Amino acid sequence: MNRPTSPKAAGSRSVDEITEGRRLRRMRKAPWSRRLVQENRLTVDDLIWPIFPTAGKNVREPIAAMPGVFRLSVDAAVKEAKRAAKLGIPAIATFPNIDGTLKDVTGSHILDPDNLINQATRAIKAAVPEIGIITDAALDPFTSHGHDGILRDGVIVNDETVEQVTAAAVLQAAAGADIIAPSDMMDGRIGAIRDALDANGFQDVAIMSYATKFASAFYGPYREAIGTAGLLKGDKKTYYLDPANTDEAMREIEQDIAEGADMIMVKPGLPYLDIIRRAKDEFAMPTFAYQVSGEYSMIKAASANGWIDGERAMLESLLAFKRAGCDGILTYFAAEVAELLSK
Ligand code: PBG
């Protein structure tokens with residue numbers, strides 16, 4: 001190969017000739033001009049805060065795999081809901097840490113009108129009526145095997161699960177939930193929940209569908225948070241989506257909209273920005289992302305090691321969701337970032 005012995009510093013054309021006078025850096029020259037042309041912004045209105053209710057009183061139990069996140073007894077959850085409302089966070093989402101003695105193969109405790117999730121909803125609604133409450137109608141916190149469905153002979157049975165999840169959704173609405181967000185990915189659940197809510201007088205309770213929930217490795221820390229980590233046998237690939245599939249994700253969304261979903265969600269978040277953008281472009285629905293536990297913990301862990309600037313990584317990751325087309329984000333950073341934005 002012929003290597004030039006003394007490469008020329010520049011070619012014969014000037015930069016202005018190359019760009020034909022266009023200088024894309026012009027608008028980046030100062031903070032004021034960068035502010036002026038900024039296309040997307042993260043505000044407190046974009047945030048949904050997932051929290052983990054647990055049994056007891058005055059409990060704030062750290063979750064080792066999620067630094068800065070705590071399991072909260074209902075009274076402590078009420079305090080946090082007050083703080084969230086003061087910060088302007090529109091809504092919280094509850095994921096209960098159910099005592100092991102209450103779990104069974106069908107997750108029957110989800111049908112107790114006074115279970116932890118419904119207690120938390122009632123208490124928060126009573127104390128902080130101005131904040132939206134989103135409840136998950138999935139079975140996994142309640143089953144002894146950690147699956148989101150009823151398990152019979154090694155198979156997650158769809159229709160029986162839908163029946164149970166639907167009954168749970170009605171109880172959650174009765175407790176005061178504003179949005180039911182079923183995260184189980186069973187076929188037909190959205191339509192069944194819509195019918196049951198309407199039949200019970202809950203026409204104004206909305207449904208946020210976990211329309212595209214992928215069989216992901218990024219849920220690990222969450223399973224520690226709700227105590228299902230050691231329970232889960234096998235995986236969730238017969239009901240969650242294959243991370244390789246985009247078209248199938250669109251079909252899931254289309255189906256859930258047809259069945260009556262008011263809002264759709266993509267989960268996990270950052271590894272699936274392409275799904276968010278395509279969903280927003282194709283369906284023009286209120287579109288949300290769940291920045292899941294593993295995404296949160298990666299930022300926290302790298303930041304704790306001094307490998308990245310945690311605050312900047314948090315803000316950048318959340319802004320990415322806005323750029324991809326999200327109307328809002330479920331994130332464990334919600335309170336932290338809301339405090340930062342209020343400064
Ligand atoms: C299950 C459920 C999951 C999450 C919330 N509800 C996934 C799972 O355990 O399989 C994950 C949330 C997170 O990782 O932050 N219905």
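These legends describe close-up views of aromatic rings in a predicted model. Residues are numbered from 1 along each chain as its sequence is written, and side-chain values use heavy atoms, with hydrogens and water left out. In this predicted model, local features need pLDDT of at least 70 and side-chain atom pairs count only at pLDDT 80 or more, while totals for chains, interfaces and linings use all residues.

**View 1. The stacked pair of Phe 52 and Tyr 332.** The structure holds twelve aromatic pairs, a pair being two rings of Phe, Tyr or Trp (its six-membered ring) with centres within 6.5 Å, stacked if the planes are under 30 degrees apart, edge-to-face if over 60 and tilted otherwise. The ring centres of Phe 52 and Tyr 332 lie 5.7 Å apart with planes at 15°, so this pair is stacked. Both Phe 52 and Tyr 332 are buried, a term for under 20% relative accessible area (1.4 Å probe, protein chains only).

**View 2. The tilted pair of Phe 95 and Tyr 290.** Here the rings are 6.0 Å apart, centre to centre, with 50° between the planes. Phe 95 is buried at 2% relative accessibility, and Tyr 290 is likewise buried, with a relative accessible area of 1%.

**View 3. An aromatic cluster.** Phe 52, Phe 95, Tyr 210, Tyr 222, Tyr 290, Tyr 296, Tyr 332 and Phe 333 together form one cluster.

**View 4. Lys 267 over the face of Tyr 219.** Lys 267 lies 5.2 Å from the ring centre of Tyr 219, and it also lies over the face of Tyr 222, at 5.9 Å from that ring centre; a charge sits over a ring if NZ of Lys or CZ of Arg is within 6 Å of the ring centre and within 35 degrees of the ring normal.

Conventions
Buried < 20%, exposed > 50% of the residue type's maximum accessible area, 1.4 Å probe, protein only.
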